[in-house]
Every structure is written in structure tokens, then in C-alpha cells.
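Please examine the structure shown below. The explanation after it is intended to be read alongside the coordinates.

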Amino acid sequence: MASRGAVKSAVAVHSQQPAAYFKNATKSPLAVHTGRRPFCLATYRHPTASKRYFSGTGPSGIKEFFPEPNAPQIRITQPAWKHPIYSQKQLEDIVIAHRQAKDWSDWVALAAVRTLRWGLDLATGYKHDKAVSLGKKDPQQAVQKYAMTERKYMNRNIFLESVAGVPGMVAGMLRHLRSMRRMRRDNGWIETLLEESYNERMHLLTFLKMREPGWFMRVMVLCAQGVFFNAMFVSYLVSPRTCHRFVGYLEEEAVLTYTREIADLDAGKLPEWETMAAPDLAVKYWNMPEGYRTMRDLLLYIRADEAKHREVNHTLGNLDQDNDPNPFVSEYKDPSQPHPSKGIEYLKPTGWERKEVI
């Protein structure tokens with residue numbers, strides 16, 4: 001926990017110009033103590049910024065967003081679901097992919113995702129296609145008009161992850177209740193769906209360690225979560241297959257977004273993130289090895305998770321919703337052959353077809 005003097009030091013530089021801010025920030029007591037920039041303690045807002053989409057917390061809200069619980073007898077609380085280990089090659093090999101819609105159920109799911117994507121882009125000021133188009137004619141104007149900053153990306157990520165954990169929880173809950181109501185097994189679907197929801201929540205908690213949302217963001221999340229939960233609840237009762245396809249398409253968009261963030265970071269467009277370290281929460285959850293604990297590495301891990309959810313939901317959307325076992329927790333007769341698993345060693349971007357796994 002940062003000392004009171006460290007907090008005052010970080011707040012004192014809040015109104016300075018960017019160069020001076022980072023120069024002084026790295027000399028603050030907090031930076032000396034932890035070896036990291038106090039990114040979540042103070043943020044700089046450029047004086048030319050004219051639009052404010054989702055807000056972040058100002059200096060008056062500076063605090064440890066969720067401090068450790070007061071439990072002297074407990075040394076550490078391990079995660080309920082341990083995260084599989086990803087190799088660096090697996091992380092770098094994640095690709096953007098799209099599953100072609102084949103029937104009316106797929107088209108309904110795809111249309112819903114495109115509508116949500118349009119709304120989220122509008123709310124967060126994300127206009128990638130327009131930026132690319134204008135960049136071909138006038139790169140400087142494209143940067144001034146449409147450039148995504150660390151602040152905009154972080155706000156977008158927090159909002160996205162705050163609702164991303166809803167589908168798995170809703171689906172797992174409904175399948176759990178149906179299993180008890182019908183007095184029959186669920187064949188392993190519930191655990192995977194709840195684990196997916198848990199994983200999305202860990203993404204959110206990680207980003208919250210780096211930036212605390214403001215009141216407007218909280219209101220937006222509250223409204224979005226309420227609408228999304230009830231919409232998913234009704235939709236899953238009507239057509240579970242369509243819902244899994246919807247989540248598969250949604251995760252395609254998530255992989256695309258994080259890939260663009262990584263590309264912008266590599267291109268030097270996000271200087272604040274270039275030397276930023278991943279929070280300790282992330283290091284422990286993903287078992288991030290020494291030397292691979294930067295912001296870029298964190299985005300690689302999160303993108304890999306989204307790619308896994310893409311594979312899982314596209315696969316579940318191909319199965320018999322009532323009778324087929326969950327292929328991601330099943331043991332196969334010939335484990336040497338590529339097959340669905342909890343890791344990403346045999347990742348299939350558009351999902352496994354039923355005949356391949358059942």
C-alpha cells in the first residue's frame with residue numbers, strides 16, 4: 001500500500017505537462033518503493049481533449065481500489081480455477097478469425113454482435129475504420145481526430161470486461177437449475193461456463209488495478225449489466241445454441257480489439273504502456289514468468305483467453321445442447337491426436353465441429 005506521502009507526491013504532479021509529469025512521477029516515493037510508475041494514482045488529461053466518453057476517477061478518488069482483506073490468519077487465497085500455463089509462442093500465435101454464418105441462428109447472433117459493437121464503439125469513441133481510411137490521405141489529421149490513447153483503451157477495456165462475464169454466468173446458472181429440475185447430469189458444461197465467467201472477471205479486476213472508473217462509467221456498467229443479463233437470460237431459455245454462437249462472435253471482436261491494442265503499443269502510439277509493469281494480481285493469476293510481465297505481455301495473455309472463449313463457445317454452439325458432453329473437460333481415447341482441452345495447445349479459432357469431437 002502506498003504511503004500518504006507517495007499519494008500526495010503523485011497528486012501534486014497531476015496538473016503538470018506530460019513530460020514533466022512522468023519525469024517527476026518516476027522519482028516519487030511510490031516509484032522508488034515499487035519500481036513502477038504510479039499509473040493508477042494519477043492520470044494526465046490533455047488540455048485539447050474536447051470529448052469525454054467514459055470517465056475515470058479524478059484526484060479526489062485516489063485510493064487502493066480493492067485492498068487486501070483484514071484476515072491476519074490467512075496467508076493467501078488461491079483462485080478457485082487455476083489458469084493453464086501459456087507459452088510465449090502460443091501467446092504470439094493467436095490470430096484474428098471469423099466463423100462464417102451458416103443458418104438463421106448464426107445470422108441472428110452475428111447481427112446482435114455487430115449492433116453491440118457499433119454501440120460500444122460509439123460510446124468509447126473508437127473509430128478504427130475511419131482512422132485507417134483518413135490515415136491514407138492525411139495521417140496527421142487521422143491521429144488528431146481518431147487516435148486511441150491509453151486512457152480511451154483502458155476505459156473501453158473496463159467496460160467490455162464488466163459485461164463479458166455475464167453470458168457464462170447466466171448459461172451456467174440456467175444449466176445448473178435445469179440439471180436439478182430434471183434430476184439429470186449436465187455432462188460437464190456448467191464448470192466450463194462458470195470458469196469462463198470467472199476468467200472474464202479476473203480481466204476486469206486486473207484493469208481496475210490500473211485505473212479506477214468514475215461515476216459515469218459505473219452508471220453505464222450498471223445499466224448495461226442489467227439489460228445484458230436479462231437479455232441473455234431470456235435468450236438462453238429460447239435458444240442456447242444461438243447464445244453460444246453469439247458469445248463466439250463476441251469473442252472474435254474481443255480478439256480483434258486486443259490485437260489492435262498490441263499493434264498500437266508496438267507502433268509506439270501508447271508510450272505510457274511501453275514500460276508499464278503488469279499488476280501483481282495478474283502476475284499471480286497467469287503465472288507470468290520473470291521477464292514477461294509488461295503491459296504488452298498482459299494484453300497477450302488476455303487476448304489468448306478471449307481466443308479460448310471464442311473456440312469454446314463456437315464449439316458448444318455446434319453440439320447437441322441437451323445430450324452431448326463437454327469436449328473441453330473430456331478424456332479422449334487417443335490423447336496424442338489434436339482435441340479440445342482447457343489450454344490453447346490445440347486452439348481452433350472457429351471452433352470444433354461436432355463430428356470431430358463427438
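The paragraphs below treat the nonpolar core, a helix pair and the cysteines.

This is a predicted model, in which local features need pLDDT of at least 70 and side-chain atom pairs count only at pLDDT 80 or more, while totals for chains, interfaces and linings use all residues. Residues are numbered from 1 along each chain as its sequence is written, and side-chain values use heavy atoms, with hydrogens and water left out.

In soluble globular proteins, nonpolar side chains tend to be buried together. A nonpolar core is a set of buried Ala, Val, Leu, Ile, Met, Phe, Trp, Tyr and Cys residues joined through side-chain atoms within 4.5 Å; buried means under 20% relative accessible area, exposed over 50%, and partly exposed in between (1.4 Å probe, protein chains only). The largest such core here has 42 residues, and Phe-207, Trp-273, Trp-286, Met-295 and Leu-298 have the most contacts inside it. At least two residues of this core come from each of H8 (150–164), H10 (189–208), H11 (215–238), H12, H14 (280–286) and H15, helices being DSSP runs (H or I, at least four residues) numbered from the N terminus. H15 gives the most, with eight residues.

The axes of H12 (residues 240–266) and H15 (residues 295–316) come within 8 Å and cross at roughly 160°, the axes being lines fitted to C-alpha atoms over the stretch in contact, with angles from 0 to 180 degrees between N-to-C directions. H12 is therefore roughly antiparallel to H15 (angles over 145 degrees).

Cys-243 counts as buried because its relative accessibility is 4%, whereas Cys-223, at 46%, counts as partly exposed. The model has zero disulfides, a disulfide being a pair of cysteine sulfur atoms within 2.5 Å.

Methods
Parallel < 35°, antiparallel > 145°, perpendicular 65-115°, else oblique.
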